[in-house]
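Reader: Before we discuss packing and pairing, could you show me the sequence and the structure?

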Amino acid sequence: MCGIVGYIGEKEANDILISGLEKLEYRGYDSAGVAVISNSAININKKKGRVEIVKSAAKLSGTIGISHTRWSTHGAPSDRNAHPFTDQSGQFAVVHNGIIENYLELKEELRNEGVQFSSDTDSEVIVHLVAKNYQGNLQEAVLKTIKRLQGAYAFCVIKADSPEIIGARNGSPLVIGLGKKENFFASDVSAIIEHTREVIYLNDFQIARITKELVEVRNFHGEEQPLDVREVNWTLEKAQKQGYKHFMLKEIFEQPDVIRETLKVPIHLSKNFSRIIVVACGTASYASLVGKYLIEEIAKIPVIYEIASEFRYKENLLNQHDLVVVISQSGETADTLAAVRLAKEKGAKTVGIVNVVDSTIAREVDERIYTRAGPEIGVASTKAFISQLIIMYKLAFHLAGKEFNSGEIEPKIKEVLSKHEEIKRLAQKYYLYQNFLYIGRNRNFPLALEGALKLKEISYIHAEAYPAGELKHGPLALVSEEMPTLAICPKDSVYAKTFSNIEEIKAREGKVITIATEGDQDIRKVSNDVIYIPKVEEIFYPLLCTIPLQLFAYYIAELKGHDPDHPRSLAKSVTVE
Ligand code: F6R
């Protein structure tokens, strides 16, 4: 959460910093701000709201600066809580991503020394500490400051009369971009890829100093570290809307390509473990739950499903015979990363199914499998989810020692996508309801969870997902004509069971939209509306069902006038606990 950009070079910093922030808005959009050095003074533009507000203000002149787009943790979204923050002299400025957990104690200490705070944030303590610790060397002041900080952070600091930017990382991502007579900091490569493809990913407990000519990286003891320069191999074009109204829609329609690319990913995983634990958050966790069903069904290996934010605080009884598989689009999710670290500590083998190449999780796991979804910008995950599912199929077949015959998937997905107008019409019919139920059974139950999550997060409609057979144990009491149900009921081994559950809903005057297999006429008798998907081998239905669920949520959000790319209160990369 929160995006940071830093620039030092010979060009005007303002535009570079703002265009970088625009690429990072998926990390938060509560406020935005820029600080630029000009004639040994720091000038700041910052405002509550989206980056475009700061963009439309008068440009700051200067060739060194830092910028920030915020996802609020401490302190409401407001002008006063917008980054960058300066110390009282106005000589130092900071932008921060993460949480300083001991900020109250530090704030109290600084207040007792006469410091006046201008915000309600945890971040502001950093700049006052740097100012206090400064004795002629900015890097030394930051190193001293770091010793006082607890929590997770990536931050950048500038000083009005110093031609340098200092960045530090512990828990939140920070990357350095290398240019000609210019260098960059950013939370993620997308912010700087139009300027350079050569990057250095900072590791935790590293601090870097950049000038326009030089980059140096040290550990938190101040010892110089070798520079691990990597080349980024994707283009900016992939991270643009290309004529679609929203990134989310573009990413939904990219899914056939994503499937084709991800099917090519080789899996080389040895089978010497006794059990598998899948761990992830949100949409990625639903992909891992589908994975559990698939691996148990196809490879006959027991799989434990865990939510990362819970996993790290419970007794896990992990040992060196366990295989911990984490899934993460961003590769930066704090809870998932913590699960990796915990698993490694306990001696388990870790595998990461990750989209963002060289992200922290990708670097820390013992083995990594990259999904090939390309940059996913929409905050709600779509194409990354389908790529995660593909890897779970591949993994299940690999572990079973069986061939994965995937030929029918891509054309059938295209067929489902071609029904977008029909799904849009359904959205029109249902978008004013305030509550939804989603049901599914067996490997389609996680799809109900995913469909409900998509609807909640972008349309702000309350939606609950249940295994269809669970309805009678409570939620059926909610069913009325005011609460429609989206039922996932393809022709599979549990079809008759789910069909009966749909009848139970109809008997209580509930409206039902069913995702069903083409040719199934019976389902019409119990459903108000049917979205037909083509017939496929039954294990592949989760892939096909994904599409109508995503499109339904997207069109409803659009009809309600919400921006699906920027759902309220959310950020794409959740780097805090
Ligand atoms: C929902 C969504 C989130 C993410 C979750 C994990 O649409 O995108 O639930 O799936 O925050 O993120 P990653 O996959 O980056 O670890």
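**Salt bridges, sheets and a buried strand**

Author: Glu113 and Lys132 form a salt bridge whose closest N and O atoms are 3.0 Å apart, the term standing for a side-chain nitrogen of Lys or Arg within 4 Å of a carboxyl oxygen of Asp or Glu. Glu113 lies in the loop between helix H3 (103-112) and H4, and Lys132 in helix H4, so the pair ties together parts that are 19 residues apart in sequence. This is a predicted model, in which local features need pLDDT of at least 70 and side-chain atom pairs count only at pLDDT 80 or more, while totals for chains, interfaces and linings use all residues. Residues are numbered from 1 along each chain as its sequence is written, and side-chain values use heavy atoms, with hydrogens and water left out.

Reader: Which residue does the side chain of Lys212 meet in a salt bridge?

Author: The N to O distance of this pair is 3.0 Å. Lys212 is in the loop between E12 and E13 and its partner in the loop between E1 and H1, so the contact ties together parts 202 residues apart in sequence. Lys212 counts as partly exposed at 29% relative accessibility, where buried means under 20% relative accessible area, exposed over 50% and partly exposed in between, with a 1.4 Å probe and protein chains only. The partner, partly exposed at 49%, is Glu10.

Reader: How many of the residues of strand E13 are buried?

Author: Helices (H or I, at least four residues) and strands (E, at least two) are DSSP runs numbered from the N terminus, and E13 covers residues 215-219. Val215, Val217 and Asn219 are buried on one side, and Glu216 and Arg218 are buried on the other, so that both faces are covered. Strand E13 is therefore largely enclosed by the rest of the structure, the number of its buried residues being five of the five.

Reader: In E13, which residue is the bridge partner of Ile207?

Author: Strand E12 (residues 206-210) runs antiparallel to E13 and is joined to it by five bridges, pairing being assigned if DSSP finds at least two bridges between two strands. The two strands form a hairpin with four residues between them. Within E13, the residue bridged to Ile207 is Arg218.

Reader: Which strands stand at the edges of the sheet that has seven strands?

Author: This open sheet has the order E5-E6-E7-E8-E12-E13-E14, with antiparallel pairing. Each edge strand has a single partner strand, so one side of each is left without a neighbour in the sheet; the two are strand E5 (85-86) and E14.

Reader: At about what angle to E7 does helix H5 run?

Author: Axes are lines fitted to C-alpha atoms, for helices over the stretch in contact (heavy atoms within 4.5 Å), and angles run from 0 to 180 degrees between N-to-C directions. Helix H5 (residues 138-146) lies across E6, E7, strand E8 (165-170), E12 and E13. Its direction relative to E7 is about 160°.
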